[in-house]
Amino acid sequence: MTAVTRERPTFAGTEEQQALAEEIYQLMVAQGRLFAFDAPIRQTLQNLADFYARQRQMDPAEAARLIDEALRVNDHVFARQETNGDVVFITSRRGRYIPPQVDTVHTFKQRLYEPENPLPVDDISVVVTTTRPALTTVEPVFISEYWQQQAGLIPVVVESTVETPVEAVVAAPEAAEPAGVSAPLEEESRVAPPVEPAQANTVIVLPNGLQIDLRRPVEELMAQHGNTLMSQLRMAIENDPLRRLVIFGNQAFPEAALVSFGKNDLRRISEYIKEVGEPLLDTQIIADIFYHNPRQSDYEVFRFALNYRLSREKDFEFVGIEGARLWSVRNLPAIGTKRVKASEMGQLAGYIEEGFDDSLAEQSIDSIRKSGQVSHVLTFFEWEYGILPLTRALAALLPQPLLADQRSAVLRFELPQHYLSTLVELRYPTGNRGGWVQGFETLFHDYLVPGALITLMRTDDPRTFAITYEEQEETQDRLLVLDETKKTPKFTFANISYACVVDTDMLLSQQQYGRLRNLKAFPMNERRKADLMLEHVFEIIGAPVGTRAEPKYAASFETLFVALNVLRPASREYLTHLLAEGDNFAPDASRPGWWFYTPPPSPEEDEEPDDEDFDDEE
Amino acid sequence: MMDGKNIIYGETAIDKLAQQVRATGQPQDIQSLTERYLEILRELVLAGEQQA
């Protein structure tokens, strides 16, 4: 601990003034004896004069004059201040008053924000964390001027001590002016140095690395990078943890401004959909349950809120498209056949996703979109199960999914020739599993046969499509059917009447494809093995050209195509691939379009033919 | 004025975009939303220049 030494001030002036000054000094030090050593001790001249006049029995004005003169002479001890006409003398126990000066040159606060060797700042996000708080409150983050200057948020302030270049003034024409005028000019140039307007950096970098110059007009940017800008903004909004904006389909709105739907509302919607028995439009739900009128100003926001809320509920599934937002619930009756499971059908249609789709060979996507119709020849599999694989041609006609994770859409297909309509489910492809449309079973069985030429077309309603076929006189023929009345399903031929134009090569008549009754109705999970199915089909439909010991079959490509499509869907391109890649298939060099199949010899079967031969001979 | 390199596309000024969309009283499609957003960012980076 250091001892504080008290200075004894020396007083100046005449003897009387010295005595008076010392007396006042002692008086003020006694007054501030408990003050800090260098704390100011203040006393007004008025108080001092009153005290002195009363003590000396003299005129206060005269006392004030004497005191003022004495203390003015000793201004090294007494600081004099005039405030609102009052004279105040200040001293301290130290013997003089020195106003305190706060040293702000090196402070902890300054060192914390302005380190001597700062790290380089490429991005302000290095300094300000982008981690968001759990609560949805946006609090201001203080960024010191130093870092803002480093990041270029604010211009760097030029130090006032920087000298203005004298050359500029000298070189200026005004330099020829008389010396008396040049002095103020120099002062002006010091006070207001010429500031160049800052050139803004208007280029922003998108998360995918694309650089956009915001100086360009918005229309121009949208024309050039519209898709990228929209998808990047959409991605950012969807990933925003604060959900300031939410998206449904192609629309966005602030979540905070949306109407909320309680559990009771959701239960009523669910029960209503189940009661109707099919997916319902959002507009119908709003009208029938919430009695909201489209003429109300908040109708569109209410509609958006409903769609957005339902999309976040597990019990509801969106099965709509752009222009028709349909909602379904769990346990609603399935649309289409139950004989083919979704997982099995996805695998059966997988060849489309593998690139073996030749549906655009005769019709381009543009012509389909322009004409709004697709022609197709029904295969047996499609007719039997009421399923159409979602080829690229069909996909060009049917609507795309509205939501990114949308599994299916429910559409209505009309048969205008018979004033009928049916609901069908469009299952979108996922990964390596193909898509398909199911629900045509009744329509196909009632009015069409395998080989029928049908046309699928759009209507004015985005979710309604039409199927038409060319009519002809009623014909009866024995056609292939799948008999599932017995325990083991089997193919057989039955009399069927039809009144539609057919592709005779694709018509599975007994006369043309009689051998197909021997086809084995494999379970669906086995039919996904296309190579095994083709081998079986080849053995049934192919003409035997080998011997019993070395069996060999020959069949035309078109026959194989028709027969394979009895068991499973396959395109001509896929069939070509199977034949070309299969080890046991070989093209017939003498007959273009014909193929041979040589079954691989199996050790177990080697002996059986011999036995059979023996039996036959017996 | 804001430097372009400090703009995080999809994050900077999203609050302002949300306010504007709310003020319209109608859900906005992604295209018009993107156009609005670009206008906001454009104002941010060019504000200083216009003042100068």
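Hi everyone, let me start with a helix on a sheet: helix 21 of chain A, residues 557–567, lies across strand 21 and strand 23 (594–597) of chain A, and runs at about 90° to strand 21 of chain A. Axes here are lines fitted to C-alpha atoms, for helices over the stretch in contact, with angles from 0 to 180 degrees between N-to-C directions. Helices (H or I, at least four residues) and strands (E, at least two) are DSSP runs, numbered from the N terminus.

A word on the source: this is a predicted model, where local features need pLDDT of at least 70 and side-chain atom pairs count only at pLDDT 80 or more, while totals for chains, interfaces and linings use all residues. Residues are numbered from 1 along each chain as its sequence is written, and chains are lettered from A and ligands numbered from 1 in the order in which they are written.

Four strands of chain A form an open sheet with antiparallel pairing, in the order 20-21-23-22; strands pair if DSSP finds at least two bridges between them. Strand 20 (543–544) and strand 22 (585–587) of chain A are at the edges with a single partner strand each, so one side of each has no neighbour in the sheet. Strand 20 of chain A is joined to strand 21 (residues 553–556) of chain A by 2 bridges, and A:P544 has A:Y553 as its bridge partner.

Next, a helix pair. Helix 9 (residues 263–276) and helix 10 (residues 282–290) of chain A pack at about 110°, their axes 11 Å apart. That makes helix 9 of chain A roughly perpendicular to helix 10 of chain A, a label for angles of 65 to 115 degrees. Who meets whom? On helix 9 of chain A we have A:R268, A:I269 and A:Y272, and on helix 10 of chain A we have A:I285, A:D288 and A:I289.

Finally, the partner chain. How many residues of chain A are in contact with chain B? There are 37, facing 36 residues of chain B, where contact means C-beta atoms, placed from the backbone, within 7 Å. Helix 8 of chain A gives the largest share of the chain A side, 10 residues. Strand 7 of chain A also reaches across: 2 bridges join strand 7 of chain A to strand 1 (residues 28–29) of chain B, running antiparallel. There, A:Q251 stands opposite B:D29. Thanks, all!

Notes. Two residues are in contact if their C-beta atoms, placed from the backbone, lie within 7 Å. Angles under 35 degrees count as roughly parallel, over 145 as roughly antiparallel, 65 to 115 as roughly perpendicular and the rest as oblique.
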